[in-house]
Amino acid sequence: MVIGVDVGGGDRLALAVLVQYRMATTEQMHWVIAPGVRIEQTRRRLARLREEGLVERITLPQAGRRRVWFPTAYGVKVACEWPELRERRPSRTASDPTAVRLAVGHGLTVTETALAFLQDARRRGDVFRPLDWMTEVHHSIGNGHAVIPDALLYYRRGPVGGEGGSMLRAFVEVDRATMGPERLAAKLTAYARLHAYVPMVPGRRPTIQQPGVEEWRRRYPLFPRLLFVLDGTGPAGIENRVTALHAATRELALYDFLREVPVLAAPLVDLLRDGPAARLWRPVQAPDDRVSWYQSW
C-alpha cells in the first residue's frame, strides 16, 4: 500500500487519469476529476501524489508557467495493477520528462478534447466518465503495422440506469496541423485496413465455409466511428484539411469502410464553444452537411 495516498478515492482517480491521458495541466486535472470542489484541493492532491513518487511535473516556459503533470514509471506500475487499467500498457516514454516536454502541445490538446466531451456529457446527463477516454490504444493490422488512435472513447447517451440509451464508441484523431493535409487524409486508408484486417490463425486458412473474423470484432460489436478534431490553424487551414479528407473518400479501396463507418471532422474551437453534441461535425463524404457526432446512422 502507498502510504499517505487516498487509494480508494480521488487520489486513485487522479493517478488513473494521468496514466490513461498521459499528461494534463493542473486546471485540466481539476475539471476532469473534481469540478465540484475548489482547485486548491486538486493542487494538494497532485502535490501529495508527487511526494509519494507516483506523478511528476514539468513547468512550461510560456507566460503563466503552467504545470503539466504526468505519471512516473512507479505510478504507471501501481495503476496498471488496478482492474480498471489492467489492460492498459502505456508507452515507455509516458514517464520521461523530455518526451513529455516534446509532446506537450499535442498531448494537452488531446486532453482538452477529452475535457470537451466530459463537460458536454455532464451538462446533458449522458454517461461518459473520465476513464471512458483511453489514449493510444494499439490495434494491429498485420506485418508489424498498427493503427494507434489518439484516443478511443466510450459514451452512453442517457443517464445512469436509464433505459433506451445507446452505447457509442469512437476513435478520435486530434490534428494540430503539424502534418500536411494529404498525410492526414492517408489515415483513412489505415483505418480502412483495420476495418478489413483478418489475422491469420497458425495452421488454419480461412475458407468460404469458415471465413476469418476481423480483428476489431474481438473488441467491439460495431466498428467505432472516426472523429477528426482539427486545431492549430485558421478557417482556411481547416477547410484545406476537410477538402483533403473529402478527396480521399473517392478511393475505391475505402468504399466498404466509408459505407459502414461514419467519419466526421470538426474544429476544436467549435467543440469548445458549442459542445461536441452540437450539429457542427462535417461528414467527410458530404462536407457541406453539419451533423451531431452521435446521431443515428
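Guide: Start with a term: two strands pair if DSSP finds at least two bridges between them. Keep in mind that this is a predicted model.

Visitor: Okay. In what order do the strands of the open sheet come?
Guide: The order is S4-S7-S8-S9-S10-S11. That makes six strands, and the pairing is mixed.

Visitor: Which are the edge strands?
Guide: Strand S4 (133-135) and strand S11 (282-283). Each pairs on one side only.

Visitor: Now S8 and S9. Do they pair in the parallel or the antiparallel sense, and over how many bridges?
Guide: Parallel, over six bridges. S8 covers residues 167-175 and S9 covers residues 225-230. As one example, Asp175 has Leu230 in S9 as its bridge partner.

Visitor: And S9 to S10, how many bridges there?
Guide: Five, and these two strands run parallel. Val229 has its bridge partner in S10, namely Ala266.

Visitor: What about S10 and S11, parallel or antiparallel?
Guide: Antiparallel, over two bridges. Ala265 stands opposite Arg282 in S11.

Visitor: Switching to helices. Which strands does H7 lie across?
Guide: Helix H7 (residues 181-196) lies across S8, S9 and strand S10 (263-267). It runs at about 160 degrees to S9.

Visitor: And H8? How many residues does it have?
Guide: H8 has 14 residues. From its first C-alpha to its last it reaches 20 Å, close to the 20 Å expected at 1.5 Å a residue.

Visitor: Which residues of H8 are buried?
Guide: Gly237, Ile238, Arg241, Val242, Ala244, Leu245 and Ala248. They sit on the same side of H8, because they cover an arc of only 155 degrees around the axis.

Visitor: What covers them?
Guide: The cover includes S8, H7, S9, S10 and S11.

Visitor: And what's exposed on the face turned away?
Guide: Pro235 and Ala236 are the exposed residues that face carries.

Visitor: Last one. Where is Thr249?
Guide: In the loop between helix H8 (235-248) and helix H9 (255-260).

Visitor: Buried or exposed?
Guide: Thr249 has a relative accessible area of 16%, so it counts as buried.

Visitor: What does Thr249 touch?
Guide: Leaving out residues up to four places away in sequence, Thr249 touches Leu188, Leu254, Leu258, Val284 and Gln285.

Conventions: Residues are numbered from 1 along each chain as its sequence is written. This is a predicted model: local features need pLDDT of at least 70, side-chain atom pairs count only at pLDDT 80 or more; totals for chains, interfaces and linings use all residues. Side-chain values use heavy atoms; hydrogens and water are left out. Helices (H or I, at least four residues) and strands (E, at least two) are DSSP runs, numbered from the N terminus. Contact means heavy atoms within 4.5 Å. Axes are lines fitted to C-alpha atoms, for helices over the stretch in contact, and angles run from 0 to 180 degrees between N-to-C directions. Buried means under 20% relative accessible area, exposed over 50%, partly exposed in between (1.4 Å probe, protein chains only). The expected span of a helix is 1.5 Å times one less than its number of residues. The arc is that of the directions from the helix axis to the C-beta atoms.
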